[in-house]
Amino acid sequence: MRIITALSFARSVDRLDTQSQILIKTAVMDLQFDLMRDGHPRHGLRIHKLKRVKDEGIMSISPDKELRIIVHRHAQDYTLLYADHHDAAYDWASRRRPEVNPESGVMQVVEELERTEVITRFITQTMPYAFNHYEAPYLMSLGVPPSYVDAVRHATVDNVDALFEVLPDEASERLLDLMDGKLVLPPTPVVNGDPFDHPDARRHFHVITGEADLEAALSGRWEEWMVYLHPSQRQLVEKPFNGPARVSGSAGTGKTVVALHRAAELARSDSGAVLLTCFSRTLAESLAEKLTQLLPDTAVRHRVTVLNLHRLALRLAPELGLGTPRVHSGDIEPLFRQTLFQLGSEVALAFLLSEWRNVIEPRGLITWEAYRSAPRTGRGVALGARQRRAIWTVVEVALKELQRQGETTWGLLSHQVAEALERQGAPFRHVITDEAQDLGPAELRLLRALAPPGPDDLMLCGDAGQRVYRGRSSWLAMGVDVRGRSTRLKINYRTSQDIRQFADRLMPTQLADEEGEPESRRTLSRFRGPAPEVQRFGTQPAQIKGVALWVQARLVEGLRPGEVAVLTRTQPGRRAELLAEACSIPVQTLEHQVSPDPEQLVVTTMHRAKGLEFRAVVLMDVSDEQIPPRSLMALLEDLADRETALEQERQLLYVATTRAREALLISYVGEPAALLVP
Ligand SMILES: Nc1ncnc2c1ncn2[C@@H]1O[C@H](COP(=O)(O)OP(=O)(O)OP(=O)(O)O)[C@@H](O)[C@H]1O
């Protein structure tokens, strides 16, 4: 006798009020008690079979007069499928049928055919069928329920998205791979006859293993991402890799979730010290919080260090005999401006800064010998020996000044720590990093030095479309070889289909990975929502008023202030104050904390929102003056620098747009940013 909770049950309970949740929890605990004691539910539980349903194993439990829990009995298993008020619960049950897929042997909850027929009917034949040439058994082996096979075979390329909305995630993802021209092998079918013991089943069901497990499942202590991993996520979490692995995917496809579970899994296996890292401090703090949720056992949790790479370098430095470094905070520009002036040099400030930021600092070139012969691949202007010498003369003096002040920079520190580790040995056995797209050569070298090369040494999770801090860096050139160990995630769990499609239009359909290979960015979303709005305002006060009205409308709809974020390109400062006044609610800027206070509206920068998510988002000031900031572009003379900066602005806009789960407003004063128009 087992109790199994379905994802649909967890979601339905989550939507009910606290009192109903308590009643449901008590009824399920009673069911478990009866099953353990007697092997069947006793009469007092008020459990009975339902009429007018598609499967005779479907039953209902009545915790009180109003509430109903829909349960399915299959062999020795009781699967909790759904909970709601009487009519809604019975309506749900009348349209669903749990069945074992004849090819894969996996349990699935299939929505009734009426819906598929509707879909088949509106399919027009103007486009070629996408899957007509595949045999039914093959489609079923990919996870397509038998009753959907016809609809799938009649789907065309332009309307298949409607089907993806109703098919199980894993089936949709495999069909998408077929559309991308990939060879898709069916997953291994269930081997031991247990329809729940399969990665496809574990995406939708959780087999309860004991009382504490049931308690956790019912008390809402688990969020969805903690339990119901998609098979492709689970595979990445559990699979042994014979070297560095890469996990890519557009925004919201669960890369962070994979990184967290992989770290937890390695910690449980107790196979050596684990590091979970990333680029930004805010994301590192959020990772630390979530990992503690995943690993309640403190002894196991302590096996994982969670810290962003730069902070880690700072922490390791004293242990490696590098003293206690002080990192130059703020902009490096004044130092170079002053040095140029002092030397009377004719080198252009903008060019010098670009050379420092893109060549010298990231590659840790601290001597003339190193800089003189360093390749400058990808830079717009070729440099002769004399120009290099002129640049170095300035850099050398600036470096000395930095040293005199007892300071270093993040890039130089990363190289220094990496070098010491290369000599003294790596402190971790497994390293997992999120936001891998933002790592430059300095961070990649550090990453490589943190774990010795070997099985399961490195996992890099990231999205080439979210590079907002620097241009593309070759991982291979820095000794991180992921060839043959790269996987792309395709289901977007965060963002409504409408917002995702809007965001996708900001980007090309293919983007180069770290080694310049093009990658398709196509993904699927699991739910629909209102279309994103774009509003133009004549003046700044009008924009504040318009944004405040939009925010207030979301609050009236039931969102809490902390679930709504207003994002700006530059420091929000005065706008935050004005919005607080116009909305009559307190505002937080997330400068010092990661978890938003639920009672305060979030007003912060697009950069700071990276890795976070909100139910409703406003992107404010998306005008041609602000994005990209005119003042920033005016400083860039080199063509390659301008292109890189523009690319980063595009990706920043993509990052900001994809922070929204359900609602999105884009506002501007004057003319819209050219990047908004594809
Ligand atoms: N298997 C899953 N089931 C349910 N929700 C999931 C699952 N995987 C991820 N999510 C949810 O989807 C959202 C996005 O996940 P996550 O932050 O891991 O994506 P990401 O790829 O790292 O996104 P980004 O690159 O935009 O930061 C989160 O709310 C997460 O909890």
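Residue V551 is situated in helix α24, which comprises residues 540–556. In this predicted model, V551 is classed as buried because 24 C-beta neighbours lie inside 10 Å, whereas the threshold for burial is 20 or more. Leaving aside residues up to four places away in sequence, the contacts of V551 are V564, C583, L601 and V618. A further reference point is L652, which stands 101 residues from V551 along the chain; the C-alpha atoms of V551 and L652 are 22 Å apart.

Within α20, the buried residues are I391, W392, V394, V395, A398 and L399. In an α-helix, residues three or four places apart point the same way, because each turn holds 3.6 residues. The cover over the buried residues of α20 includes α17 (333–343), α18 (349–363) and α19 (368–372). Just after α20, residue G406 adopts a positive phi of about 75°.

Confidence in the prediction was also considered. The average pLDDT of the protein is 89, and 96% of the residues score at least 70. Where pLDDT is low, the predicted coordinates should not be read in detail. For the model, the ipTM is 0.99 and the pTM is 0.87.

Key:
Residues are numbered from 1 along each chain as its sequence is written. This is a predicted model: local features need pLDDT of at least 70, side-chain atom pairs count only at pLDDT 80 or more; totals for chains, interfaces and linings use all residues. Helices (H or I, at least four residues) and strands (E, at least two) are DSSP runs, numbered from the N terminus. A residue is buried if 20 or more other C-beta atoms lie within 10 Å of its own, exposed if 12 or fewer, and partly exposed in between; C-beta atoms are placed from the backbone. Two residues are in contact if their C-beta atoms, placed from the backbone, lie within 7 Å. pLDDT is the predictor's confidence in each residue, from 0 to 100.
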